[in-house]
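Please consult the sequence and structure shown below while reading.

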Protein chains: 2
Amino acid sequence: MAHHCYFNGITTSVEATNIHITDLGLLRGYGLFDYFRTYNGRPFKWDWYWERYERSAKLMRLPNPISKEDAYRVVLDLIKKSGLDDCGIRFVLTGGYAEDSMTMSKPNLLIISEDIHPVKPKEYETGIKVISHEYVRDYPDLKSTDYKHLMILQPEIKEAGASDVLFYKRGYISELSRSNIFLVKNDILITPNRKILRGITRRFVLELAKEHFKVEERNVELSELFDADEVFTTSSTKKVLPITQIDKKIIAGGVVGSKTKFLLDLMNEKVKNW
Amino acid sequence: MAHHCYFNGITTSVEATNIHITDLGLLRGYGLFDYFRTYNGRPFKWDWYWERYERSAKLMRLPNPISKEDAYRVVLDLIKKSGLDDCGIRFVLTGGYAEDSMTMSKPNLLIISEDIHPVKPKEYETGIKVISHEYVRDYPDLKSTDYKHLMILQPEIKEAGASDVLFYKRGYISELSRSNIFLVKNDILITPNRKILRGITRRFVLELAKEHFKVEERNVELSELFDADEVFTTSSTKKVLPITQIDKKIIAGGVVGSKTKFLLDLMNEKVKNW
């Protein structure tokens, strides 16, 4: 079996799916992107996901051309066609075709099934390294296709032997390029709540954590990370992934913390029977 | 005749040109855009244009797959096929196809001929209205495909009866969404020189103006516009276009200034026999 793409009502193999070059997503970066994954062939937190997708479309002034029910049917069909229990589903909603390269008429909706590129198991044992970079995404609470900044930074990330980049602005951290960030200090779980994309996994982990720890959602200074007891990042593909180095600074002796492990285990347990 | 698109070595009609959905320009907004126009069938300021295109590609870490000479041949062929004396030429260079939606391999280059959408002649008589908006483009000195912010602002621009948006940040102006800005005060021509795209027409107008006026390229406060003697914007399609209203404020009594007219006439004269 293979991955497929739903494009404005028609589903074909990803390989066979093309888009016309006057698409405003291509010409003007006018595109919403969203992503979730499945566990055991079932979309993970579909309701949360859909809520965010609809909200993003509204904020981007892109008319959403599909109902929640129809989208769910499409998603189940794509999962079935993939032949996989665990796959990623990408939504791309663009401003559609514009002959004058500016005026939106009818949006283009792509729904694509994909392989999941999981974290190397070893990274859950060692943690990852990230580099910090002063930047905040435009419309950070929207999941758009705007990853230009990350793409341009790729050589720096590679050169530093890092896995990702941590964004901060005027001393306050926001998020990694495609995931949220948490820290633990004195048994309190802390995560930024401004200039971020509200990740589905972030929300899930916060719900799990609130039953066990004190939780603070607030402005977080970059400097707080350097003497944190634990730092980790969350996303659909990373789940709960420890961060043990930021730039040249080793966090908490480079050891993966107990709360990070606890939350990862708890999440793994919850999704096992999703 | 009709417009055509060169795509990685093959030229077909724009209508028939598609791109695969794994293109990083579409999925990740990782695309360079550049644009120039022709006069009398000849590319206007091709050398300046090429210099900027190559510089943008380098800064975006996009390997440029075509030599200046080959690109020029392509451009002349597209102009010929268009059957037009005056047309627009759009370059779009993206991160290419990426199966994992992240890793760049070989960039995709599109070169497209287009109709020019000229300013309504009346607007040179009355000037245009713009609205101000606090924003600065990410990598402002790069001409990328990142116009998301402008696309989202479209309803505000329309509602205000404006033609465009003027960006400023912390009190300092930078540029309009697709053109540069100038003001005249006490016979001095002033234009911002930071956080801007260095437009081909901006450069051309500065060269023309320096023979006639005192010119300052420097930081410009938004408030300076409101008691300017003249304000105008420059771009390939707008040439030298007066601005007579910013938000609710009428500039210089709403009258198009003499230096604006002088520079527009001078430019029209210069391009007539280009």
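## Basis of the description

Two strands are taken to pair if DSSP finds at least two bridges between them. The model is predicted.

Under that criterion, Thr191(B) has Glu217(B) as its bridge partner in β13(B).

## Overall form of chain A

Chain A contains eight helices and 16 strands. Its radius of gyration is 19 Å, close to the 19 Å that the globule rule gives for 274 residues, so chain A is as compact as a globular protein of that length. The C-alpha trace of chain A spans about 55 × 40 × 30 Å along its principal axes.

Of the 274 residues in chain A, 58% count as buried. Among contacts in chain A with a separation of 6 or more, 70% come from residues 24 or more positions apart. The accessible surface of the chain amounts to about 11700 Å², and carbon and sulfur atoms contribute 50% of it. Chain A carries 41 positive and 38 negative charges, whose mean positions lie 1 Å apart.

## A six-stranded sheet in chain A

Six strands of chain A form an open sheet in the order β2-β1-β7-β6-β4-β5, with antiparallel pairing. At its edges are β2 (10-13) and β5 (42-43) of chain A, each of which pairs on one side only.

Within this sheet, strand β1 (residues 4-7) of chain A is joined to strand β7 (residues 108-114) of chain A by three bridges in the antiparallel sense. Tyr6(A) stands opposite Ile111(A) of β7(A).

## Helix α6 of chain A

Helix α6 (residues 200-210) of chain A has eight of its 11 residues buried, so it is largely enclosed by the rest of the structure. The buried residues of α6(A) include Ile200(A), Phe204(A), Val205(A), Leu206(A) and Leu208(A), and also Arg202(A).

Strand β11 (residues 180-185) of chain B pairs with β12(B) in the antiparallel sense over three bridges, and Lys185(B) has Ile188(B) as its bridge partner in β12(B). The hairpin of β11(B) and β12(B) has two residues between the strands, and Asn186(B) takes a positive phi near 50 degrees there. By contrast, β12(B) runs parallel to strand β13 (residues 214-217) of chain B, to which four bridges join it.

Terms used:
Residues are numbered from 1 along each chain as its sequence is written. Chains are lettered from A and ligands numbered from 1 in the order in which they are written. This is a predicted model: local features need pLDDT of at least 70, side-chain atom pairs count only at pLDDT 80 or more; totals for chains, interfaces and linings use all residues. Side-chain values use heavy atoms; hydrogens and water are left out. The radius of gyration is taken over C-alpha atoms; the globule rule is 2.2 Å times the number of residues to the power 0.38. Buried means under 20% relative accessible area, exposed over 50%, partly exposed in between (1.4 Å probe, protein chains only). Contact means heavy atoms within 4.5 Å. Accessible areas come from the Shrake-Rupley method with a 1.4 Å probe; for residues, only the protein chains shown count as cover. Lys and Arg count as positive and Asp and Glu as negative; His and the chain ends are not counted. The place of a charge is taken as NZ of Lys, CZ of Arg, CG of Asp or CD of Glu.
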